[in-house]
Amino acid sequence: MPDATRGDGLRTILLTAIAMLAFAANSLLCRLALQRRGIDPASFGSVRLLAGALMLGLLVRLRAQLAASSAPPVRADWLAAVMLFGYVAFFSFAYLSLSAGTGALILFGAVQLTMFGAGLRSGSERFGAPGWFGFSMAVGGLVYLVSPGIAAPPPLGALLMAAAGVAWGVYSLRGRGVADPLAATARNFTRALPLALALSLVFAVEAHADVHADAMGLVLAVASGALTSGLGYAVWYAVLGRLGAMRAATVQLSVPLLAAFGGVLFLSEAITPRLAVASIAILGGIALVLGQKARSARP
């Protein structure tokens with residue numbers, strides 16, 4: 001029995017690490033594709049959603065065949081699909097100008113602050129002094145990161161990534177309590193795809209638009225959709241029940257750091273003092289909030 005328990009724990013750690021690496025790789029793949037001008041951002045988002053929808057649909061079908069039963073019907077949630085489309089679109093256009101680490105930090109900060117803010121507004125979240133200090137610290141770090149200065153990220157890119165974070169935060173809130181998150185995500189990818197294709201069409205007919213896609217750009221977009229999104233979400237949902245809500249939220253603190261170090265290793269990006277200070281403030285503040293929630297959840 002101890003060996004089985006130890007093996008299950010190691011499997012959980014491994015799957016969690018794979019999921020976090022996949023989420024961080026989304027930023028690296030998008031930034032690499034746009035940095036080398038292998039594909040335009042609208043096409044990247046469309047291909048990512050198409051590849052993700054195909055992969056997730058395949059996984060849902062394989063799961064149903066292995067279980068020898070059909071999956072229960074999933075209620076259509078068009079608001080969730082619109083939020084997913086907004087996240088993918090804003091994310092893609094933001095990485096025209098942002099570094100991988102800066103983009104991931106703004107995205108992650110905006111997601112968590114959106115979810116915390118929604119909880120406070122609904123009354124489901126109540127912060128004590130440490131929680132409010134952490135919340136203020138995270139907001140202050142985000143404001144500092146995007147405030148004017150020589151080392152500040154481009155304002156438009158930062159605004160677009162913040163919008164992507166808000167969209168993903170709302171999407172995450174819509175997904176709470178869903179009985180079958182994998183099937184729901186597959187359906188949402190499918191519903192968001194026509195919106196992305198429509199954006200690509202608008203982008204294509206725009207007189208000054210630069211619509212293009214070479215082989216490597218398409219490969220990176222497919223990898224982002226099928227592997228780091230589709231398979232990444234499947235792995236994450238497989239391990240999520242073993243982690244619990246607080247631990248799951250805490251391990252996601254690693255994603256911006258992984259993206260930043262990945263940007264240094266693979267994209268020759270620099271970790272600026274502003275990014276380092278903002279990372280400490282944002283991630284440290286969120287950790288304080290999560291720590292207080294974990295303590296208040298104990299009997």
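Which side-chain oxygen reaches to within 3.3 Å of the backbone nitrogen of Leu79 at the start of H3?

1. Basis of the model. This is a predicted model, in which local features need pLDDT of at least 70 and side-chain atom pairs count only at pLDDT 80 or more, while totals for chains, interfaces and linings use all residues. Residues are numbered from 1 along each chain as its sequence is written, and side-chain values use heavy atoms, with hydrogens and water left out.

2. Overall fold. The protein contains eleven helices and zero strands (DSSP runs numbered from the N terminus; helices are H or I of at least four residues, strands are E of at least two). Its radius of gyration is 19 Å, close to the 19 Å that the globule rule gives for 299 residues, so the protein is as compact as a globular protein of that length. That radius is taken over C-alpha atoms, and the rule is 2.2 Å times the number of residues to the power 0.38. Along the principal axes, the C-alpha atoms fill a box of roughly 60 × 55 × 40 Å. Buried residues account for 47% of the 299 residues (buried is under 20% relative accessible area, exposed over 50%, partly exposed in between, with a 1.4 Å probe and protein chains only).

3. Helix H3. The oxygen in question belongs to the side chain of Asp77. H3 covers residues 78–94 and spans 24 Å from its first C-alpha to its last, close to the 24 Å expected at 1.5 Å a residue (the expected span is 1.5 Å times one less than the number of residues). Twelve of the 17 residues of H3 are buried, so the helix is largely enclosed by the rest of the structure. Among them are Met83, Leu84, Phe85, Tyr87 and Phe91.

4. Helix H4. Residues 100–122 form H4, in which Thr102 is placed. Thr102 is buried at a relative accessible area of 10%, and its side chain is joined to that of Ser99 by a polar contact of 3.0 Å (a pair of N or O atoms within 3.5 Å; within protein, one must be able to donate a hydrogen and the other to accept it, and residues adjacent in sequence count only if both atoms are side-chain atoms). In H4, 18 of the 23 residues are buried. Gly123, with a positive phi near 90°, follows the helix.

5. Helix H10. Val264 lies in H10, residues 254–267. With 35% relative accessibility, Val264 counts as partly exposed.
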